Amino acid sequence: MPKGEGESVADRLSAVPLFASLSPRDLRTVASTGSVRSFAAGDTIVGKGDKGLGFYLILDGKVEVRADGKTLATLGPNSFFGEMALFEEQPRTADVVATAPSRCLVLSRWEFWSELAHDPEVLRTLMAAVVGRLRATSKALSE
Ligand code: CMP
């Protein structure tokens with residue numbers, strides 16, 4: 001990633017609740033390790049059942065999380081998805097579809113764990129998200 005772009009992504013990351021406990025140095029490392037990917041409205045970013053390789057932080061845009069014909073969540077800037085596949089090598093639990101032109105910072109599982117596993121607050125926030133999302137998914141699928 002060009003240096004200027006890495007710096008501006010790092011600035012953006014300081015507003016991300018998941019990364020609130022990281023130092024400016026950590027944020028720069030995360031920004032320069034990940035790659036920024038752009039998606040058009042309608043693109044399926046991850047597909048339910050696919051092998052899960054990466055973690056996605058939304059920089060701009062809007063996505064919908066869908067499973068079994070139901071919309072489980074709408075996520076926007078500073079939210080993340082793909083965290084479930086970080087914890088276990090299992091297929092994606094839902095489709096995530098861009099509903100507006102979107103940009104995401106993408107980290108591979110290996111990059112995520114090597115850059116962020118040292119921070120207990122990041123892990124706690126991730127776990128809280130996973131638990132809340134599981135609860136929401138169970139509720140939506142039982143309705
Ligand atoms: P993963 O299973 O790796 O890929 C699909 C992603 O959709 C999943 O990680 C979560 O990030 C996200 N996801 C699944 N269920 C929900 C939900 N109920 N609310 C928000 N996001 C979800």
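**Reading strands and a ligand site**

Analyst: Start with a pair of residues: Val-65 stands opposite Ala-73 in S5. This is a predicted model, where local features need pLDDT of at least 70, side-chain atom pairs count only at pLDDT 80 or more, and totals for chains, interfaces and linings use all residues. Residues are numbered from 1 along each chain as its sequence is written, and side-chain values use heavy atoms, with hydrogens and water left out.

User: How many bridges join S4 to S5, and what lies between them?

Analyst: Strands are DSSP runs of E with at least two residues, helices are H or I runs of at least four, and both are numbered from the N terminus. Two strands pair if DSSP finds at least two bridges between them. Here S4 (residues 63-67) and S5 run antiparallel, joined by five bridges.

User: What is the strand order in the open sheet, and which strands stand at its edges?

Analyst: Four strands line up as S1-S8-S3-S6, with antiparallel pairing. S1 (35-39) and S6 (80-81) are the edge strands; each has a single partner, so one side of each lacks a neighbour in the sheet. Ser-38, for instance, has Arg-103 in S8 as its bridge partner.

User: Which polar atoms face the ligand's oxygens?

Analyst: Look for N or O pairs within 3.5 Å. An N or O atom in the Glu-83 side chain is 2.6 Å from a ligand oxygen. On the backbone, a polar atom of Ala-85 is 3.1 Å from a ligand oxygen, and an N or O atom of Met-84 is 3.5 Å from one. The protein covers 97% of the 450 Å² of accessible area (Shrake-Rupley, 1.4 Å probe) that the ligand has on its own.

Definitions and conventions:
Polar contact = N/O pair within 3.5 Å; in protein donor to acceptor, adjacent residues only side chain to side chain.
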